[in-house]
Amino acid sequence: MKWAVISVTEKAVKKAIEVSKEIDCDVYTLPKYSVDKTIPLEEGFRKGVVKIFSEYKTLLFIMASGIVVRTIAPLIKSKDLDPGVLVMDEEGNFVTSLLSGHLGGANSACQRIADIIGAVPVISTASDVSGSTAVDTIAMAIKGKMDSLEKAKEVTSLIVGGEKVNLRLPTNVSTSEDNPAGVIVLSNRKEIKVSQIIPQNIVVGIGCRRGTSKENIIDAVEKAMDEANLHINSIRIFATVDLKGDEVGLLETVKHYDKELAVIPREKIIPIEDDFEGSDFVKKSIGVKSVSAPCAFLASESKGKFVTEKMRHDGITVSLYEEEIRKDG
């Protein structure tokens, strides 16, 4: 995802353009300093930042940190929603990770910019300073979601404080066929802090009749997820056949979960359709024997297995494909 680089002086614009040669980014500046390939902040700096703040994963401000803090303060929501924010002086001497260092990727972005510009990276998060690994860093590495930011903070505090914290990987995070639903903790500690990271590794394949409502599709999805004992936040993407790519109820369902919809062409399904339970009636109607299972399989990004190959509910079919977890990088 593109970065935004924001500058408000002539010298800062030059530094921003230098950054843009190495990183895919949009460069914003005041109209009077705008040059080729930069985007003028026609409504002014503050209104411009408000407009673009949530449109980018990473924002690099080349200016004084005080200006940045005052400007973004009203826009900050939470560490799992805010973009990564960096601040660099216009000489390029120092680059600071200011906001959302782990989940927003500001810490890694800070190091990257420092390497490009030859600046000194300034990273102040406790886990990075101590050479430890925070819970949210692990979550980001596997593109997972934490069940609770507060629990993650408590466990990370133990790590930073030098306490022993074990990392236990249920076998669905590896290649094993087992997938435990429980964990037994054997300890003489009075209190044990536990933080759950939920891998986003479930592909939901959907087949439905024309005109099926959003409410019915959501009911079917949640029924399938509940029966499979899967957290709703483990959904990575939805998938369906090309004929259903404009289905209003399905599009509204995908929007409800804030996910994306992979639309699979029928010509890609035909070579593998006999690998799944199918119907000659469906084949005659739309040209392929099955929709939900092959679409889920084809939308996956890694090896895995079906947790639910096909569940039927009120004329809707739902397939759940569980991908193996891959750590970024």
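**Rings, a helix and a sheet**

Biologist: F238 and Y257: buried or exposed?
Modeller: Both F238 and Y257 are buried; that means under 20% relative accessible area, with exposed being over 50% and partly exposed in between (1.4 Å probe, protein chains only). This is a predicted model, where local features need pLDDT of at least 70, side-chain atom pairs count only at pLDDT 80 or more, and totals for chains, interfaces and linings use all residues. Residues are numbered from 1 along each chain as its sequence is written, and side-chain values use heavy atoms, with hydrogens and water left out.

Biologist: How many aromatic pairs are there in the whole structure?
Modeller: The search finds 7 aromatic pairs. Rings of Phe, Tyr and Trp (its six-membered ring) pair if their centres lie within 6.5 Å; planes under 30 degrees apart are stacked, over 60 edge-to-face, and the rest tilted. F238 and Y257 are a stacked pair, at 5.7 Å centre to centre with 25° between the planes.

Biologist: Why does the pair of F238 and Y257 tie parts together?
Modeller: F238 is in strand β11 (residues 235–241) and Y257 in the loop between α9 (248–256) and β12 (261–264), so the pair joins parts 19 residues apart in sequence. Helices (H or I, at least four residues) and strands (E, at least two) are DSSP runs, numbered from the N terminus.

Biologist: And what about F297 and Y321?
Modeller: Those form an edge-to-face pair, 5.9 Å centre to centre and 90° between the planes. F297 sits in helix α12 (residues 292–299) and Y321 in strand β14 (residues 316–323), 24 residues apart. F297 counts as partly exposed because its relative accessibility is 36%, while Y321, at 5%, counts as buried. F276, F297, F306 and Y321 make up one aromatic cluster.

Biologist: Changing topic. Which residues of α3 are buried?
Modeller: In α3 (residues 65–72), V68, T71 and I72 are buried. They are on the same side of α3, because they cover an arc of only 80° around the axis. The arc is that of the directions from the helix axis to the C-beta atoms.

Biologist: What do the buried residues of α3 pack against?
Modeller: They pack against α2 (45–52), β4 (58–62), β5 (84–88) and β6 (94–99). Contact here means heavy atoms within 4.5 Å.

Biologist: Now the open sheet. In what order do its strands come?
Modeller: It has 5 strands in the order β12-β11-β10-β14-β13, with mixed pairing. Two strands pair if DSSP finds at least two bridges between them. β12 and β13 (304–313) are at the edges with a single partner strand each, so one side of each has no neighbour in the sheet.

Biologist: In which sense do β11 and β12 pair?
Modeller: Parallel, over 4 bridges. The bridge partner of V241 is I264, in β12.

Biologist: What does α12 touch on the sheet?
Modeller: α12 touches β10, β11, β12, β13 and β14, and its direction makes about 30° with that of β14. Axes are lines fitted to C-alpha atoms, for helices over the stretch in contact, and angles run from 0 to 180 degrees between N-to-C directions.

Biologist: Last one. Where is S319?
Modeller: S319 is in strand β14, and it counts as buried because its relative accessibility is 0%. A polar contact of 2.7 Å joins its side chain to that of S292. A polar contact is a pair of N or O atoms within 3.5 Å; within protein, one must be able to donate a hydrogen and the other to accept it, and residues adjacent in sequence count only if both atoms are side-chain atoms. The side chain of S319 also reaches the backbone oxygen of E309 at 2.4 Å.
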